[in-house]
Amino acid sequence: MAIFYRVRSLNYVSKCFSSINALYLQSPIRRFYSEQATSHFESVGFVGLGNMGSRMANNLIKAGYRVAVHDINCNAMKKFSDMGVETKETPLEVAEASDVVITMLPSSSHVYDVYTGPNGLLHGGELRPWLLIDSSTIDPQTSRKLSLAVSNCTLKEKRDYAKKPAMLDAPVSGGVLAAEAGTLTFMVGGSEEAYLAAKSLFLSIGKNTVFCGGPGNGSAAKICNNLAMAISMLGVSESVALGQSLGISASTLTRVLNSSSGRCWSSDSYNPVPGVMEGVPSSRNYDGGFASKLMAKDLNLGATSAKEVGLKCPLTSQAQEIYTELCEDGHETEDFSCVFRHYYSGKNET
């Protein structure tokens, strides 16, 4: 009590703790770990060359990393081999050629197979890469199981900065447009030391990183983010469809939303109404972007996670039903903003 007797405000105390924390993060040990580990990122493996992964891998190449890639899609592999990029037949071969491996895959089962399958990254229990990063959107439980499995492996080559391999779950937000532009946000779970070491790598293909805590927390954050994104897209679509029915044009109502309390990413950056905004999926017949089937998958993950912890999430359940119906009606490959047209029967801006 005597130590804080002369402190006149909580803000002053807060500043003191912030300064102490900053000194800790800038300590010689932390700086050594980060700087030394970062210098060993020359060889980066990338597994999963879909809409997101191909663009992330391209940005790594542009940033000057030596990249080796793998995908089960031969056409995706050929695009990279034609660019002179080293391609590998299995995830294991990627691991054997890399200091760090990033995976970007459709589902939990795909990630689990790439890590633990017969020719997976963890085959044999002895790894060359000291860091494995999974940027897929999967359930937190799978991320935590894989993190434990990675920690039980050994390194083929001991490093001063890493005595054993580490894993980060680092899903991304921003979609294909941000993957193309290199402006993704990474939500990262795992050890803070590994996060600090990998930060420069993340910032070569994104613009923001958020450390979310221990293993699985990055995956948990992504599920929660996509849950909010789905619900906001439904809200904007429902609002604008109603506005059109009441005689308000979509562009006029969008201006109202974006200059008032209804403003959100789905209204000002990813508008679902064809003709209102250029450069978004709705302007190209909902082609590309974030597929409705992936949103349905993520909502299933959210609903399952809510059930596991006993939390009531009625909006998640409703969104899950809407996107499942959208997929069953044949729109699974279209961007998730197509819910405006195919569920709410919204009209194009003329």
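## Terms and model

Buried means under 20% relative accessible area, exposed means over 50%, and partly exposed lies in between (1.4 Å probe, protein chains only). This is a predicted model, in which local features need pLDDT of at least 70, side-chain atom pairs count only at pLDDT 80 or more, and totals for chains, interfaces and linings use all residues. Residues are numbered from 1 along each chain as its sequence is written, and side-chain values use heavy atoms, with hydrogens and water left out.

## Salt bridges

The structure holds six salt bridges. A salt bridge is a side-chain nitrogen of Lys or Arg within 4 Å of a carboxyl oxygen of Asp or Glu. Side chains of opposite charge can pair when their charged atoms come close.

Glu180 sits in helix α8 (residues 175-181) and Arg55 in helix α3 (residues 51-62), so the pair ties together parts 125 residues apart in sequence. Helices are DSSP runs (H or I, at least four residues), as are strands (E, at least two), and both are numbered from the N terminus. Glu180 is partly exposed at 47%. Arg55 is also partly exposed, at 24%.

Arg263 forms a salt bridge with Asp268, at 2.9 Å between the closest N and O atoms. Arg263 is exposed, with a relative accessible area of 52%. Asp268 is partly exposed at 27%. Lys88 and Glu86 meet in another salt bridge, 2.7 Å from N to O. Here Lys88 is buried at 15%, while Glu86 is partly exposed at 38%.

## A buried aspartate

Asp134 lies in strand β6 (residues 131-134). Asp134 is buried yet has no salt bridge. The nearest side chain of opposite charge, Lys297, is 9.2 Å away. Lys and Arg count as positive, Asp and Glu as negative; His and the chain ends are not counted.

What does the side chain of Asp134 make a polar contact with? One partner is the side chain of Thr103, at 2.7 Å. The side chain of Ser136 is joined to Asp134 by a polar contact of 2.7 Å. A polar contact is a pair of N or O atoms within 3.5 Å; within protein, one must be able to donate a hydrogen and the other to accept it, and residues adjacent in sequence count only if both atoms are side-chain atoms.

## Positive phi in a loop

Most residues other than glycine have a negative phi. Asn285 has a positive phi, near 60°. Tyr286 has a positive phi too, near 65°. Asn285 is found in the loop between α12 (265-268) and α13 (292-309), and Tyr286 lies in the loop between α12 and α13. Asn285 is exposed at 52%, whereas Tyr286 is buried at 0%.
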